[in-house]
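Keep the 3D view open while you read.

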Amino acid sequence: MIINHPLLGPRDTSEFTYLGDASLINRPDWQSDTAAPEFHDYLYLRDNPAGTHRELWFHEQGDRSWLVVTRNTLTHEILATELARDVARKTGRGK
Amino acid sequence: MRYSALAIMRQVLNGHRGWTPAWRDPEPQSNYDFIVIGGGGHGLATAYYLASEHKAARVAVLEKGWIGGGNVGRNTTIIRANYMLDGNQPFYELSLKLWENLEQDLNYNAMVSQRGILNLCHTDAQRDAYRRRGNAMMFTGSGAELLDTEGVRAMYPYLNFDDARFPIKGGLLHRRGGTARHDGVAWGYARAADQRGVDIIQNCEVKGFRIENGKVLGVETTRGYIGAKKVGVAVAGSSGRVMAQAGMRLPIESHVLQAFVSEGLKPVLDGVITYGAGHFYVSQSDKGGLVFGGDIDGYNTYAQRGNLPVVEDVAEGGMSLMPMIGRARLLRMWGGVMDMSMDGSPFIDRTGIDGLFFNGGWCYGGFKATPASGFCFAHLMATERPHEVATAFRLDRFKTGRMIDEKGMGAQPNLH
Amino acid sequence: MTQNNRLQGGLIDRSKKLRFTFDGKSYEGYQGDTLASALMANDVRLVGRSFKYHRPRGVLASGSEEPNALVELRSGNRQEPNTRATTIELFDGLEATSQNRWPSLAFDALSINDRFSPFLTAGFYYKTFMWPKAFWEKLYEPMIRKAAGLGRLSQEADPDIYDKGYLHCDVLVIGAGPSGLIAALTAARSGARVILADEDSQMGGRLLADCNRFEGVSNADWVAQTLGELASMDNVRLLTRTTVFGAYDHGIHGALERVSDHLAVPEAGKPRQILWRIYSKQSVLCAGATERPIAFENNDRPGIMLAGAMRAYANRWAVTPGKRVAIFTNNDEGHRAAQDLIQAGVKVVAVIDPRGDAPRIAECELLAGAQVTDAQGRLGLKSITVQMADGQTRPIEVGGLGVSGGWNPNVQLTCHQRGRPQWFEPLAAFIPPAEMPTGMVAAGAAAGNLTSFGAIASGTNAALAALDGLGIKACPVDLPKGEDNAISIMPFWHVPGKGRAWLDFQNDVTVKDVKLAEQEGFRSVEHLKRYTTLGMATDQGKTANVGALAVMAEVTGKSIPETGTTIFRPPYTPVAMGAWAGRSVGKEFKPTRLTPSHQWAEEQGAVFVEVGPWLRAQWFPKAGETHWRESVDREVLAVRSGVGVCDVTTLGKIDVQGADAAVFLNKIYCNGFAKLPVGKTRYGLMLREDGIAMDDGTAARLAEDNFVVTTTTANAVGVYRHMEFVHQCLFPDMDVQMISTTDAWAQYAIAGPKSRELLQKIVDDNIDISNEGFPFMACGEVTIANGIPARLFRISFSGELAYELAVPTRYGDALIRHLMEVGKPMGITPYGTEALGVLRIEKGHATGNELNGTTSAHNLGMGRMVSTKKDSIGSTLSAREALSDPDGLSLVGIQPVNNTEIVLAGGHVFDENAQHLPENDLGYVTSAAYSPNLSSSIGLALVKRGAQRLGETVHIVSPVDDSNIKATLVSAHFVDPEGERLRA
């Protein structure tokens with residue numbers, strides 16, 4: 001497969017390391033009253049869709065960016081790639 | 001009809017006119033006591049043991065396509081009980097025992113062949129880990145032998161002992177491991193289940209569950225609504241999709257595992273060998289093809305096909321271990337969708353919905369588990385209690401922290 | 001031997017005679033021959049045996065679809081099994097041997113299977129061999145395995161090299177027949193970067209095999225002219241002998257170039273084959289079509305072949321399987337083949353066509369409405385039986401029969417991404433699916449355009465579509481005129497009859513087998529295929545599958561498209577394992593990383609060990625030492641009593657900088673780092689988010705905003721990736737940057753009571769490293785050897801007074817030599833990974849054996865380190881009950897009661913009288929070593945309630961070693977539990 005890196009252009013996936021669902025960005029608040037079940041759901045449960053999937057790839061053999069790649073798990077078509085940092089900020093993550 | 005050499009002889013005289021379908025092609029009834037969703041190895045085995053062990057009379061298997069068309073029909077056919085952890089090993093030993101009597105149980109030759117599995121090690125730490133594992137196998141009576149380099153050389157002199165990047169330091173030999181004819185397993189269970197009255201309904205896709213007051217009443221299918229007292233789901237790579245219809249999210253991701261077969265070759269390899277320094281394992285089928293595989297492709301997918309990097313990675317491992325296969329040709333490759341769980345171990349459990357049971361998360365190891373998976377799932381569905389060797393396969397184990405993580409890779413399915 | 005069956009003409013070079021042997025017998029052929037054509041020229045019709053029934057077989061086809069003519073090519077370590085005679089280019093000295101027969105090809109003992117064929121029907125083995133139970137593995141299966149397979153491996157390492165490479169293009173054209181050539185020309189003239197690949201040794205496809213296809217220009221001239229123009233263009237790359245075998249995601253294709261297979265041995269330094277990964281923006285599939293046979297009784301006799309193949313042998317190679325031949329066809333193309341044969345000088349006795357209205361095209365007898373019902377001649381065709389239109393049968397003496405049941409477009413690559421081909425009634429064949437792989441178009445015969453003009457028109461149109469997709473303005477090309485009549489074919493799959501009629505030749509699947517499968521309920525195509533082994537032979541059923549599908553459709557009363565089609569998977573033709581692996585074999589399987597002191601250690605005669613990608617010194621044997629333990633014990637004792645040095649460069653080093661560096665490390669480590677003063681180092685434990693220990697190491701604060709984090713060797717890459725994840729994905733606004741500096745610094749552990757004395761002679765004079773000036777856990781930037789920048793850490797893995805000294809890697813070799821020189825008076829001793837391991841086990845330090853991915857901080861005795869006052873990765877889930885269970889596993893030391901007994905890592909822990917069953921298993925030994933300081937074997941173990949049971953006696957049981965010893969649970973800190981030495 002080829003990932004169109006937002007900064008570097010098309011790169012072969014063999015340069016990347018895969019992590020999983022981009023929902024791993026949404027790490028719960030440790031001080032929440034229900035932190036334990038929230039962390040359980042965050043870390044262990046997956047939508048695992050047959051279709052559009054947002055997922056994290058690390059450009060290990062490249063610029064070391066984490067990317068959020070939107071890819072169809074039935075066809076492998078890649079619909080979008082973003083820097084994970086930008087996605088994280090958009091979802092309100094900061095320090 | 002009972003299968004035997006004599007039966008064949010009779011049919012030869014009869015011009016083979018007397019063979020009947022291996023299983024019926026019934027119309028679905030309006031309701032059943034037990035519905036098993038998924039006509040793969042696990043689903044068919046579950047139905048068979050529901051009928052044979054628990055005398056369940058009204059059982060149906062619903063299959064969206066044709067039976068045996070999922071992972072039981074696309075794997076590398078290995079059977080073994082060489083696990084390390086208490087949650088796993090007794091279960092796989094039960095499976096191995098069931099394998100050992102399978103042909104006689106089913107009256108079907110699934111070609112179970114215990115020609116041995118040899119896991120090679122290449123470092124001291126790996127050998128220590130194999131010792132720990134081998135001992136765990138001994139405690140369940142599964143049998144294990146720790147070999148040194150010379151012991152390995154005596155078995156397979158053509159392996160790469162002299163020019164290896166990671167020299168072979170020994171291996172763990174599991175003599176009772178081996179292979180079985182994968183399609184034969186599915187068909188054998190199907191035929192035996194059918195003979196015990198199980199309705200095997202092909203081309204019947206489940207489109208939803210009917211659930212009221214926290215209890216399952218039946219399933220909506222492409223062939224209409226079918227009622228059931230109890231419903232068991234055993235759909236491997238489709239687990240996420242099917243259970244989503246019951247409103248459940250699972251600790252499972254779907255990944256593709258590729259497997260490969262070479263052209264037919266005169267026998268050179270008796271048992272199964274796994275390479276400890278790369279992603280490669282291999283056996284030779286009774287037809288002569290080298291059957292081999294490696295790692296999963298590593299990204300979520302429902303496509304039953306993989307990509308080149310993994311093929312190359314597997315071949316590199318193969319050539320590094322067995323330099324003599326350079327001129328053998330890879331004939332066919334295929335991909336199966338694996339239900340990769342968060343700790344690499346499976347689930348055989350109740351769900352939050354009364355009467356709905358789940359069997360899945362077998363990762364790339366479902367084939368060897370087929371008999372015990374069916375046996376234990378049938379036990380759970382029939383008695384509502386987990387079988388004693390399957391008590392650890394709970395869906396809530398991540399809440400308590402009782403993971404069954406053989407590889408120690410944590411909550412990242414593609415690393416298991 | 002004379003070439004009796006050689007005709008006039010052809011594309012062979014008669015000036016170059018080549019000698020070859022088949023089954024030890026010598027023959028001659030010409031440059032340009034294949035092994036198949038050369039054997040045919042020499043009237044050798046029997047070339048192989050089938051898999052199951054060992055039926056005598058001849059050549060069926062003229063290309064890579066060949067199911068019958070498989071040989072072992074070459075000998076010795078280059079022996080290559082299952083090689084298709086039809087694709088082997090003849091070279092001088094070629095050796096080929098027939099396979100799957102014993103003792104000889106003409107007399108094969110296992111042909112007895114053919115007599116027993118009524119017993120050996122499809123799937124018979126599922127029904128028998130079950131009684132008595134033990135006989136399956138002892139008797140039946142060994143017998144079956146003995147008969148398994150076709151060709152033999154040499155069982156020697158392959159001596160040839162294989163390469164891999166990447167190619168990039170705008171348009172990849174797959175197949176260089178008429179449509180492929182015109183597609184490439186259209187794309188190339190428009191300026192696109194074009195790769196044209198063809199599996200054959202010569203480009204031209206069917207234009208090489210058929211008589212003139214175009215008006216006013218010969219096939220050869222048109223091909224030469226087109227190829228000449230393509231070859232002259234800089235934007236075109238022509239790849240002959242190159243099979244594009246797979247279409248993968250995003251326009252990536254796999255291709256195999258057979259660089260040297262047409263030579264006796266590869267030229268020096270040249271690879272045998274190259275595996276290309278071709279990255280194309282657009283691709284045009286022009287893979288042609290494969291002719292299919294018609295099944296009739298004994299249709300597998302040597303001498304019966306595909307009509308198009310017979311035509312190709314006559315036109316291209318100037319050979320014929322016999323002087324008198326006949327053609328059996330259900331379509332017009334078969335008649336044209338007959339006409340070509342007549343023109344080539346072959347006597348065509350008759351064209352037999354089941355169509356009552358068959359056209360008269362060839363100048364020979366036409367038997368319309370007739371069919372071939374049987375064939376005679378076990379080792380070579382002698383005659384056929386024809387049932388005439390009037391029902392009469394007529395024997396016809398022939399040495400060859402060409403059969404054409406129509407043509408199947410080679411749609412394989414269009415379906416590699418799970419597209420399903422569509423049934424196309426006019427051709428009675430499957431054509432490419434509506435849903436093609438992204439960027440792929442099919443053209444020519446592969447797309448169902450079987451006429452000459454149709455092929456080239458579709459070829460140029462496909463190229464125009466590809467250019468349009470690329471946004472390139474197209475330059476049209478002139479097309480030659482060719483016939484363009486509608487295809488006339490009557491679907492006709494098998495001749496009714498009682499005998500066996502073959503569908504899949506190699507695997508011996510007959511019409512009867514398909515019917516039996518249906519009778520037994522194996523009706524879905526996948527069931528049919530699996531039950532009968534249809535299409536699973538080395539040819540993947542290229543000539544068999546559609547015919548079998550048609551038979552199944554007939555018996556179930558369904559149409560062929562309703563019956564279905566199987567999925568096509570790569571590779572299109574089989575690919576050698578060597579090619580897939582390329583150069584990553586043997587010692588080059590994975591890269592080897594060497595430490596800065598490697599060369600020096602080699603000079604010392606060190607023994608090296610593989611540690612992940614690294615090679616590290618395991619121990620340094622001295623003259624007179626005969627056992628590794630002698631060396632290791634000496635090294636360990638030297639560290640405990642004097643000073644030792646060990647290269648620890650392989651530990652991961654991550655430089656962390658930024659205003660939020662400390663806050664960031666506070667997230668990464670479960671213990672606190674925010675308040676670590678500058679100039680200090682702290683041990684840190686990293687958890688995964690699931691609360692399991694991930695890695696441990698130290699972090700040294702060199703400045704307010706600068707830390708150096710160390711990781712274990714094994715986890716260096718993973719920890720860095722994890723830290724970037726935590727930063728970029730979880731805390732993107734933290735002001736922190738990090739980079740791996742593992743390769744940038746050479747680092748040595750200098751350990752032992754005399755280590756300070758040594759270092760004082762190494763660091764520059766102005767630097768105070770006294771115990772007060774540079775206490776335990778101090779760190780700082782220093783200079784050594786007159787101004788060389790270095791980093792010094794007072795940390796200890798061994799438990800002794802110890803330091804780690806890091807210099808820029810380029811000084812690494814000089815530093816080890818300098819240390820050894822300066823340390824000589826103190827008796828400095830280099831030590832390797834074995835001694836390192838013994839020292840850390842004696843001290844009770846955990847490593848990868850303990851941090852094995854299943855242990856929590858609590859298990860490791862570090863539960864209290866997990867701060868509950870802050871958020872860190874893993875802190876929440878590490879509180880789960882099983883991870884903090886006081887009755888769970890905890891890390892302890894193990895010492896045998898009898899110190900002559902040996903603790904084995906991997907042994908399990910049981911109470912004295914407990915039965916050795918899983919439910920009584922208390923834990924396992926993670927690490928073990930011989931401690932020369934305690935004069936005893938010792939170990940570390942994870943034991944249930946271990947911490948509460950210190951002093952108790954247990955058994956360490958290792959049945960795989962027949963070992964069961966009594967041992968005491970002790971503190972894991974065997975040496976200096978108070979830590980006085982390291983603070984000294």
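A residue counts as buried if 20 or more other C-beta atoms lie within 10 Å of its own, with the C-beta atoms placed from the backbone. Keep in mind that this is a predicted model.

With that in hand, look at helix α16 of chain C, residues 661–668. How many of its eight residues are buried? Seven of the eight are, so going by that cut-off of 20 or more C-beta atoms within 10 Å the helix is mostly covered. The buried ones are C:A661, C:A662, C:F664, C:L665, C:N666, C:K667 and C:I668. And what do they pack against?

Now zoom out to the whole of chain C. Here are some overall values:

| Feature of chain C | Value |
|---|---|
| Helices | 21 helices |
| Strands | 49 strands |
| Span of the C-alpha trace along its principal axes | about 115 × 75 × 55 Å |
| Buried share of the 984 residues | 59% |

There's one more number for this chain. Take the contacts in chain C with a separation of 6 or more: 67% of them are between residues 24 or more positions apart.

Next, a pair of helices in chain C. Two packed helices are described by the angle between their axes and the distance between the axes. For α4 (residues 178–189) and α5 (residues 219–231) of chain C, the axes come within 10 Å and cross at roughly 35°. The crossing of α4(C) and α5(C) is left-handed. Which residues meet there? From α4(C) you have C:L181, C:A184, C:L185 and C:A188, and from α5(C) come C:V223, C:T226, C:E229 and C:L230. Sorted by type, the residues of this contact are six nonpolar, one polar and one charged.

Finally, hop over to chain B, which is divided into two domains. Domain 1 takes in 21–81, 83–107, 185–251 and 343–415, while domain 2 covers 117–181 and 253–341. Their C-alpha centres lie 27 Å apart. Where they touch, 33 residues of domain 1 are in contact with 35 residues of domain 2. On the domain 1 side, the elements giving two or more residues are β3 (78–79), α3 (89–100) and α8 (239–244) of chain B. The largest share, five residues, comes from α3(B). By type, that side of domain 1 divides into 16 nonpolar, 13 polar and four charged residues.

Methods: Residues are numbered from 1 along each chain as its sequence is written. Chains are lettered from A and ligands numbered from 1 in the order in which they are written. This is a predicted model: local features need pLDDT of at least 70, side-chain atom pairs count only at pLDDT 80 or more; totals for chains, interfaces and linings use all residues. Domain bounds come from an automatic or database domain assignment. Two residues are in contact if their C-beta atoms, placed from the backbone, lie within 7 Å. Helices (H or I, at least four residues) and strands (E, at least two) are DSSP runs, numbered from the N terminus. Ala, Val, Leu, Ile, Met, Phe, Trp, Tyr, Cys and Pro count as nonpolar, Asp, Glu, Lys and Arg as charged, and the others, Gly among them, as polar. Axes are lines fitted to C-alpha atoms, for helices over the stretch in contact, and angles run from 0 to 180 degrees between N-to-C directions. A crossing is left-handed if the near helix is turned anticlockwise from the far one by less than a right angle, and right-handed if clockwise. A residue is buried if 20 or more other C-beta atoms lie within 10 Å of its own, exposed if 12 or fewer, and partly exposed in between; C-beta atoms are placed from the backbone.
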